[in-house]
Amino acid sequence: MSEIFDGDRDYIGPYLRFLADQMGLRDWFLYHGHSTPQDEGHSEVVGGTCTPEEGRKSATIRLRSDWPSWDEEKFRHICVHELLHCHFAPVRDPLSELESLIGVIMFAPTWAATTSAMEYCIDGIAYDWGRLLPTPAEWLERETTP
Ligand SMILES: [Zn+2]
């Protein structure tokens, strides 16, 4: 089985840029982080994370270290999912400010319910939107065909 981009992480940034441009995120700066979600304390099942910078249109996307072995559709799905978090940052950011106002007892369940609902929503959109976008191999072929 071949690996995504032959395991070369240098292709991830341009692929994310391409996807972002198709997804209404042309004005966002995107970074492909060198660290993994697991380096940031996430469980082994988390394939990717997106960390938008509060108040700015920039975000860092991190992928689990085994990304080269994923199938093409999974890789595309996770990239699209993480990019969609950029669209949801304006929802999440003000919510994160609530803790000091309502206290942790009220904030914890509010945060958990809202972020969980956001994840379901993002994943559903990513599933169908992703199928309309090229896989890494399809994108690479477009990029390298004169
Ligand atoms: Zn997510």
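Biologist: Does proline 146 count as buried or exposed?
Modeller: This is a predicted model, in which local features need pLDDT of at least 70, side-chain atom pairs count only at pLDDT 80 or more, and totals for chains, interfaces and linings use all residues. Residues are numbered from 1 along each chain as its sequence is written. A residue is buried if 20 or more other C-beta atoms lie within 10 Å of its own, exposed if 12 or fewer, and partly exposed in between, the C-beta atoms being placed from the backbone. Proline 146 has 2 C-beta neighbours inside 10 Å and therefore counts as exposed.

Biologist: How many Å separate proline 146 and alanine 126 in space?
Modeller: Proline 146 is found in the segment after helix H5, where helices (H or I, at least four residues) and strands (E, at least two) are DSSP runs numbered from the N terminus. Along the sequence, proline 146 and alanine 126 are 20 residues apart. In space, C-alpha to C-alpha, the distance between them is 30 Å.

Biologist: Which element of the protein chain has the lowest mean pLDDT?
Modeller: pLDDT is the predictor's confidence in each residue, from 0 to 100. Its mean over the protein chain is 94, and 99% of the residues reach 70 or more. Among the elements, H1 has the highest mean, 98. The lowest mean, 90, belongs to residues 99–102, helix H3.

Biologist: Which residue is the bridge partner of leucine 30 in S3?
Modeller: Several pairs can be named in this sheet, including phenylalanine 29 with serine 58 of S3. For leucine 30, the partner in S3 is alanine 59.

Biologist: Why is strand S2 largely enclosed by the rest of the structure?
Modeller: S2 covers residues 48–52. It is largely enclosed because the number of its five residues that are buried is four.

Biologist: Which glycine takes a positive phi in the hairpin of S2 and S3?
Modeller: This hairpin has five residues between its strands. The positive phi there is near 80°, and the residue that takes it is glycine 55.

Biologist: Where in H2 does a kink lie?
Modeller: H2 (residues 72–96) has 25 residues and reaches 34 Å from its first C-alpha to its last, close to the 36 Å expected, the expected span being 1.5 Å times one less than the number of residues. The bend at a residue is the angle between axes fitted to the seven residues ending there and the seven starting there. A kink of about 60° lies shortly before proline 90, at phenylalanine 88.

Biologist: What covers the buried residues of H2?
Modeller: Among the buried residues of H2 are Phe75, His77, His81, His85 and Cys86. Their cover includes S2, S3 and the helices H1 (12–22), H4 (104–130) and H5 (136–144).

Biologist: Which residues does tryptophan 70 touch?
Modeller: Tryptophan 70 lies in the loop between S3 and H2. It counts as partly exposed because it has 18 C-beta neighbours inside 10 Å. Not counting residues up to four places away in sequence, tryptophan 70 touches Ile4 and Phe75.

Biologist: Is aspartate 6 buried or exposed?
Modeller: Aspartate 6 is placed in the segment before H1, and it has a positive phi of about 50° although it is not a glycine. Phenylalanine 5 also has a positive phi of about 50°, and it is partly exposed, with 19 other C-beta atoms within 10 Å. Aspartate 6 has 9 such atoms within 10 Å, so it is exposed.

Methods
Two strands pair if DSSP finds at least two bridges between them. Two residues are in contact if their C-beta atoms, placed from the backbone, lie within 7 Å.
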